Amino acid sequence: MKENIVNGVAAAVRKRFGKGYSVQFHEIVKGTGMVVPVVLICEPGATTGTAVHIGHLLPVLESGEACLQDVVHHTVRVYEELREISSCADIITKPDKKGILERVAYQLVDTERNAGWLSGLPHRKMLDLSAVYRVVVKDDGIEACNIVVDRAMCDRFGISGDELEDAAGSNMELEGFSCWPFSSVFPEGLDGMDGSPGCMWMVTGCSGGDGVVALLYPYYLKRLARRLGGDVYIALPSRHELIVTPAKDGIALEELRSITDRINSIRYTPEEMLTQNVYRYDREKKRLEVAGA
């Protein structure tokens with residue numbers, strides 16, 4: 001269906017505006033974690049393009065309430081309007097191999113909830129989560145806009161799985177992670193909590209990166225365990241950070257789950273949440289596992 005949409009829009013754009021236009025389908029991840037399908041249209045020789053959101057059209061196309069020509073007509077009409085008022089257009093950079101590898105990063109998603117989506121993406125599984133790859137194409141300081149790297153993009157630009165993995169690993173390692181006392185993030189505690197326990201810590205990503213990606217770096221988990229003196233429990237309130245506490249003499253497993261739920265309820269949208277599971281890092285075995293599984 002994606003290919004049919006792209007071919008239809010490309011033909012309509014050529015007919016209306018002339019030859020040389022580039023038309024591509026992308027799935028952009030907004031700052032909230034929501035995946036937005038877009039058609040990216042670039043003028044001849046341009047390195048930037050206008051992204052027309054078509055997420056609301058795909059369900060009606062699949063159900064038969066709209067036909068392919070309806071989607072094509074809508075996309076081209078919106079593009080024509082945005083060309084006249086470019087300050088309001090959603091402008092993103094047209095990707096190339098060098099640009100992708102320089103800016104690619106990991107993003108963790110729930111494997112079960114995203115099973116259909118993951119089938120078209122290069123990814124690697126880690127327990128109940130999967131690491132996909134995203135490229136930041138616009139960041140206005142408030143909300144970052146990302147393109148999800150799919151297999152078609154890798155084929156188009158000749159990017160191998162090893163190249164993608166090496167680049168994402170290096171890029172996010174260079175950004176690094178920060179560890180903060182829980183009390184510095186929630187100085188007055190949470191509803192139902194008597195203050196902020198001193199044995200809880202929050203790990204965030206530096207430079208706007210996702211804190212949960214620290215799970216993909218064994219050396220960092222080893223460092224956390226050494227700092228806290230033994231095995232640690234790790235909870236994921238969202239894709240933005242981790243909660244870490246000693247497995248021995250720290251926060252009980254059920255209480256940690258409850259704290260995570262309370263943070264979710266006051267701070268994050270469903271799109272930003274990952275999993276209700278709590279993980280345990282075994283310092284002796286140097287292994288991450290689902291706690292209580």
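**Close-up 1. A charge meets a ring at R227 and W201.** In this predicted model, the charged end of R227 sits over the ring of W201, 4.5 Å from the ring's centre. A charge sits over a ring if NZ of Lys or CZ of Arg is within 6 Å of the ring centre and within 35 degrees of the ring normal. Residues are numbered from 1 along each chain as its sequence is written, and side-chain values use heavy atoms, with hydrogens and water left out. Because the model is predicted, local features need pLDDT of at least 70 and side-chain atom pairs count only at pLDDT 80 or more, while totals for chains, interfaces and linings use all residues.

**Close-up 2. Aromatic pairs, starting with F17 and Y21**. Searching the whole structure turns up 6 aromatic pairs. In one of them, F17 and Y21 are tilted, 5.9 Å centre to centre with 40° between the planes. Here, rings of Phe, Tyr and Trp (its six-membered ring) pair if their centres lie within 6.5 Å; planes under 30 degrees apart are stacked, over 60 edge-to-face, and the rest tilted. F17 has 21% relative accessibility, so F17 counts as partly exposed, whereas Y21, at 15%, counts as buried. Buried means under 20% relative accessible area, exposed over 50%, and partly exposed in between (1.4 Å probe, protein chains only).

**Close-up 3. Y106 and Y133, another tilted pair**. These rings lie 5.7 Å apart, centre to centre, with 40° between the planes. Y106 belongs to strand β5 (residues 104–110) and Y133 to strand β7 (residues 129–139), so the pair ties together parts 27 residues apart in sequence. Strands are DSSP runs (E, at least two residues), numbered from the N terminus. Both Y106 and Y133 are buried.

How values were computed
Helices (H or I, at least four residues) and strands (E, at least two) are DSSP runs, numbered from the N terminus.
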